[in-house]
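Thanks for making time this morning.

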Amino acid sequence: MPPHFPHLFAPISLRQRTLKNRIVFGAHTTDMSYERLPGDRHFGYYRERARGGAAMIVVEPVPAHRTGRLIRGNFLHEDDRVIPHFRRITDECHRHDVAMIHQIYHTGAHADQDNSWEPYWSPSGMPSLGDPWGSHAMTEAEIEELIEAFVQAARRDKESGFDGVDLFAGYGALIDQFWSPISNRRDDRWGGGLENRLRFAVELCTRVRKMAGEDFIVGMTVSGAEPVPGGLSIEDKQEIAAYLDQRGLVDYFSVGTGSYLNQLMKIVPSFHFPMLLGIEDAAKYKRAVKNALVTAEARIKTPANAEMVLSEGKSDLVSIVRGQIADPHLANKAREGRADDIRPCISCNQLCIGRRFRGYWISCLVNPSVAREHDWDGDVAPRASLPRNILVVGGGPAGLEIARVAAERGHRVTLVERDAELGGQFRLAAGQPERGEIGQLLSWYQGQLEKLQVRVMKQTQISADQITSFGADVTVLATGSMPSRHGFQRAFPHLPRLPGVEQENVCTVHDVLSGRIVPGHRVLLLDDINGWWPASGTALHLAQQRHLVTVVTSAEKPAGALDLSLTGETTRERFAKFGIEVILTTAVRAWEGNKARLVHLYTQEEEEREFDSLVLATTNTPDNTLQEALRDSKLEIYSLGDAVAARTAAMAFYEGRKLALSL
Ligand SMILES: Cc1cc2nc3c(=O)[nH]c(=O)nc-3n(C[C@H](O)[C@H](O)[C@H](O)COP(=O)(O)O)c2cc1C
Ligand code: SF4
């Protein structure tokens, strides 16, 4: 047994298979399909996690039935054409000794008619929680049809080479809608007493087992208590798990957090939630069952956390989803005693579930190879045929990533940073309340650059002349962007400057977060970026420092841009807790002395309010001074990230990696 993380790397039996360790790459919708089939993007994505050492992969769910189609990218349901495409993935991953499981789902009352063009089928016709429409209470014949659809989906999975299926009975999906008296109000043999409410799950598991045979794994994704009065308690869930377990119907229970009922943000919990969020529920399931294995989920993230969960006997397996999205080689690195080399997920949700909610394939803010594994041959950069001297100017996300990957490829890299610390604006973000996980990522970069022998020159301002005489083969300008000090607002595109913006009591979020300026007690924060972190995070930072904070925004909702990463609601909760005032659909006409002239964008009514300081959270301006100075240079020069156009850190990391792979 490897000396590192002994519980994590202890093999365990799961039906006919021996799992080589306890690390599961749990179920998650990646939205990567091509014409609703798993293509190269899926293949590369799962292959990389199989190469990376996970013991079990639960592949993105397929809807069991036409009424359960949820997203545009869902795999073809009820269609054997998927088989060869999945077979390609299972064959490849099996080469790396990984158990391959496929989740099958149906979300009952909460589907999406725009994708399915079907009524949503549910136990009792309760309204959908995903949209304002009603669902259809299934007849008994329809229940039979649906069970058969699940069985056929499992048959397809068996023929695709999967070792088993994961039946989705968590968060308030179809199967647990049958379990819950809130959503199951039937008075036939599918509703009423517990045995009747469990009949759907029992029939499903029994018939899948009968079809697939004794060596096929039948797992189940479940979740904790229903977070509403009269909903299933965790004790009820324990009773259900015990019932299924006693009958030998389920080989593992994977215990997620959150619910469609009113806790969507807990299903993929951001840094606003504590680490190890789900382990107490998992421990309760484990106490309830005698035969099935139990997988803990949610914010386990690191091998050290996982080891703790297992060593305390809270679960048998651990699902690490975002941790292995961010670093597909997490398992191998942990096994080899290289846990420090694991690129940490920062629990931001911005490019994984955040992109999925926008209908794009998922990727990762801190790892641009995610979903590009097939094109980039994985997450490890190949050696360059010709090592070159590379000068990188700027140590923010773009500069860090190009320096790291270029050095990994064997280039000799010098990184020059103006500030005393690396990280650029990302370091400022790390100082916002609860965003400290960004600091872990920056420490990781620091460590990787040291290991790769990148020469890092901090507190060094380099001029165009010095760049010219430096003698690099390649110069990369990753100089980032600067806060804009003109107070431009998108509500007034014809006005280049906010009248009064030059006054001394006006500053930017960068001034505040860097500690360069401490604004007065009563702060008006002008949010012209729809509540993105520079605005909302700084409002929270100021409130925490006991300033009286008012946010004025042309948006219709505070922190609205954070909703897609499941951090909007939790940010608004914090706004309420700190007493942050928000003035919506309003812009600032002028800043006069200590007074803001506010204009409501619907009514055009004006109001004057008094504050001590105005803090600008507006779109940045690229810092392209060096680009301008070197415009006619004969050097091989590239510009990256915000130095080209002020955008998110994700684009900077991506452009850094992409350029490094091309050099
Ligand atoms: C992009 C994304 C999509 C997800 N989709 C599913 C899904 O289809 N089925 C499921 O059971 N869980 C889904 N989840 C939840 C994960 O299985 C897991 O419970 C959650 O990410 C918390 O674990 P983590 O902290 O290890 O990421 C999804 C998570 C993410 C990030
Ligand atoms: S996008 Fe953010 S939360 Fe998602 S895996 Fe990457 S770092 Fe983690």
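Before I start, a word on terms: strands (E, at least two residues) and helices (H or I, at least four) are DSSP runs numbered from the N terminus, and two strands count as paired if DSSP finds at least two bridges between them. Please keep in mind that this is a predicted model, in which local features need pLDDT of at least 70 and side-chain atom pairs count only at pLDDT 80 or more, while totals for chains, interfaces and linings use all residues. Residues are numbered from 1 along each chain as its sequence is written, chains are lettered from A and ligands numbered from 1 in the order in which they are written, and side-chain values use heavy atoms, with hydrogens and water left out.

Let me begin with the hairpins. Strand β22, residues 586-592, runs antiparallel to β23, residues 595-600, and six bridges join them; in one of these pairings, E592 has K595 of β23 as its bridge partner. Two residues lie between the strands of this hairpin, where G593 takes a positive phi near 65°. On to the next strand: β23 is also joined, by five bridges and again antiparallel, to β24, residues 606-610, with R597 partnered by E608 in β24.

Next, the parallel sheets. One is an open sheet of five strands in the order β18-β25-β19-β20-β21, and its edge strands, β18 (506-508) and β21 (581-583), each pair on one side only. The twist from one strand to the next averages 25°, where axes are lines fitted to C-alpha atoms, for helices over the stretch in contact, and angles run from 0 to 180 degrees between N-to-C directions. Inside this sheet, β19 (residues 522-527) and β25 (residues 613-617) run parallel and are joined by five bridges, and D527 has A617 as its bridge partner in β25. Helix α21, residues 533-544, lies across β19, β20 (548-553) and β25, running at about 170° to β19; contact here means heavy atoms within 4.5 Å.

The other open sheet, parallel too, has five strands in the order β15-β14-β13-β16-β27. Its edges are β15 (455-457) and β27 (637-639), and because each has a single partner strand, one side of each is left without a neighbour in the sheet. On average, and ignoring direction, neighbouring strands of this sheet are turned by 15° against each other. Three bridges join β16, residues 474-477, to β27 in parallel, and T475 stands opposite I637 there. Helix α16, residues 397-408, packs on the sheet, touching β13 (389-393), β14 (412-416) and β16, and its direction makes about 165° with that of β14.
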